[in-house]
Protein chains: 2
Amino acid sequence: MEGAVCPVARSLDVIGDWWSLLIVRDAQYGLRRFGEFQKSLGVAKNILAQRLKHLVDHGILETQPASDGSAWQEYVLTEKGRSLFPILVALGQWGQAHCFEAGEPRTRVLDKAHGQPVKPLEVRAADGRVLTVQDVRLERPATQG
Amino acid sequence: MEGAVCPVARSLDVIGDWWSLLIVRDAQYGLRRFGEFQKSLGVAKNILAQRLKHLVDHGILETQPASDGSAWQEYVLTEKGRSLFPILVALGQWGQAHCFEAGEPRTRVLDKAHGQPVKPLEVRAADGRVLTVQDVRLERPATQG
DNA sequence: AGGGCCCGGTTTCGTTATGCAACCCGTTGT
DNA sequence: ACAACGGGTTGCATAACGAAACCGGGCCCT
C-alpha cells in the first residue's frame, strides 16, 4: 500500500497496527524509555523493539542519548509524531462515546488549565461551517484503488 | 484489551486493523456492496467477509435487504459508523501532510459547497482555546495498564 | 575490582492471523 | 434451460505475533 493515493491508507501503513498508536499515545504523555513502554503496554519485548524501530524509521520517534545521566537511550516524539495528537483525540472521543457502558470507569483527556474535558472535534470548512460526510466529496487524482 | 480503561485502546480494538478503517472510509463515500468493497480495496474475499461481519457485530455497519431491487444485501453505516468521520479526516490530514512527497498525486477531501479543502482539525478546550498535547493531562480512574 | 542485578534488547519456537486460490450455491440474464 | 455473476466458504501456504529464554553491557555495592 506504499503507493496508495489515499492519505488515509498511507497513514495506516505507518501507524495502522495495534501497538504503534498506543506507543505514540504513551509518548505524548511523557514516556520515553523502553522499559516504561513495556510496563505500560504489557507488550512482548521483541514486538516493542520492532515497533519502536518502525516508528523511528518513519520519523515519528527519534532516539536521544540520555536525560537522567544513564548511558541508555530514550525515545522522544518528533514534530511529525506530535502532530498525531488530533488523531489520538479523535480515537479517544469516539471510543469514549461508543465503546463504554454508562458509568464504566475510563481515562479522560482534560484541559490542564480548567480541568474540563476537551471539546468534541469538529470537521470544518475553510469558512468555518461544520461539515458532515454528506457535505464533502472526494477528489481523485487519476485512478484510485 | 477489551477491559482497557483507555478509550483509544477500546477504539483500536474495534477499528484498529488495517482493513476496517478503509472499509469505513469507502462506506462513507457511498460504497455498499460486497463486490464494490472488494474491487475498491483489493482485499481477499474471506478477509473482507470477516471484517464486514466484525463491523456489523460492533454496530458500525448494518445489513439492509436491497436498494436496486436485487435479492442481495447491502452494508450501510450506522450512526456509530458515521461518527468515525473525524477520525478519517484526522488520518487523512496527517497522511497528506507527512506521507507524501511534494507534487505527488493524492486524493483530497473537499467541501462540496465551495470545492475548498477542509480546515485542519484543531483540538479545542471547552472555552475554545486551541490545545496541544502540553496543554492537556490524563485523568486515570484507578489503575491503568 | 569482582559479583550480582537491572536495562535493553535478540533469538527461538509455537500460535494466530493473513492471503491466495479453488470451490459452492442461489440469482439473474438470455 | 443454461451460462455467468454476485456473494460468500473452505483449505492450505505463508507471514506476523507473542511468550519465554537468553545475552551483553552498564550500574551498583562492597
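Reply: What follows goes through the contact between the chains, then a helix that takes part in it, and then some salt bridges.

This is a predicted model, and every value below is computed from it.

Start with the extent of the contact. Chain B gives 79 residues to it, and chain A gives 79 residues. Between them the two chains bury about 7400 Å², and 68% of that area is on carbon and sulfur atoms. Within the share that chain B buries against chain A, B:Trp18, B:Trp94 and B:Thr107 supply 10%, more than any other three residues.

Six salt bridges are counted between chain B and chain A. One of the salt bridges in the model pairs B:Arg108 with A:Glu139, where the closest N and O atoms are 2.8 Å apart.

Which elements of chain B give two or more residues to the side that touches chain A? They are the helices H1 (7-15), H2 (18-28), H3 (34-41) and H6 (85-98), together with the strands S3 (108-111) and S4 (136-139). H6(B) gives the most, with twelve residues. Sorted by kind, the residues on this side of chain B divide into 43 nonpolar, 17 polar and 19 charged.

Strands also pair across the contact. Strand S3 of chain A, residues 108-111, is joined to S4(B) by four bridges, and the two strands run antiparallel. Within this pairing, A:Asp111 has B:Val136 in S4(B) as its bridge partner. A:Asp111 also belongs to a salt-bridge network, which is taken up at the end.

Now consider helix H2 of chain B, one of the elements listed above. Is this helix mostly covered or mostly open? H2(B) is mostly covered, with eleven of its eleven residues buried. Among them are B:Trp18, B:Trp19, B:Leu21, B:Leu22, B:Ile23 and B:Val24. The buried residues also include B:Arg25 and B:Asp26, whose side chains count as charged. B:Trp18 has already been named as one of the three residues that supply 10% of the area chain B buries against chain A.

Both ends of H2(B) can be described. At its start, a side-chain oxygen of B:Asp17 comes to within 3.1 Å of the backbone nitrogen of B:Trp19. Just after the helix, B:Gly30 has a positive phi of about 105°.

Helix H2 of chain A, residues 18-28, can be described in like terms. Eleven of its eleven residues are buried, and the helix is mostly covered. A:Trp18, A:Ser20, A:Ala27 and A:Gln28 are among those buried residues. At the start of H2(A), a side-chain oxygen of A:Asp17 reaches to within 3.1 Å of the backbone nitrogen of A:Trp19. A:Gly30 follows H2(A) with a positive phi near 105°.

Over all chains, the whole structure has 20 of them. B:Arg32 forms one with B:Glu74, and the closest N and O atoms are 2.7 Å apart. B:Arg32 lies in the loop between H2 and H3 of chain B, while B:Glu74 lies in strand S2 (residues 74-77), so the pair ties together parts that are 42 residues apart in sequence. How covered are the two partners? B:Arg32 is partly exposed, at 34% relative accessible area. B:Glu74 is buried, at 3%.

Another salt bridge joins the side chains of B:Glu79 and B:Arg82, at 3.3 Å from N to O. Both residues lie in helix H5 of chain B (residues 79-82), three residues apart, or about one turn of the helix. B:Glu79 is exposed, with a relative accessible area of 51%, whereas B:Arg82 is partly exposed at 35%.

A further salt bridge links B:Arg124 and B:Glu122, with the closest N and O atoms 2.6 Å apart. B:Arg124 counts as partly exposed at 26% relative accessibility, and B:Glu122 counts as partly exposed at 32%. Finally, salt bridges that share partners join A:Asp111, B:Asp127 and B:Arg129 into one network.

Definitions and conventions. Residues numbered from 1 in each chain as written. Chains lettered and ligands numbered in written order. Predicted model: local features only at pLDDT ≥ 70, side-chain atom pairs only at ≥ 80, totals over all residues. Heavy atoms only, no water. Contact = heavy atoms within 4.5 Å. Buried area = accessible area lost by both parts, 1.4 Å probe. Salt bridge = Lys/Arg side-chain N within 4 Å of Asp/Glu carboxyl O. Pairing = 2+ DSSP bridges. Buried < 20%, exposed > 50% of the residue type's maximum accessible area, 1.4 Å probe, protein only. Polar contact = N/O pair within 3.5 Å; in protein donor to acceptor, adjacent residues only side chain to side chain.
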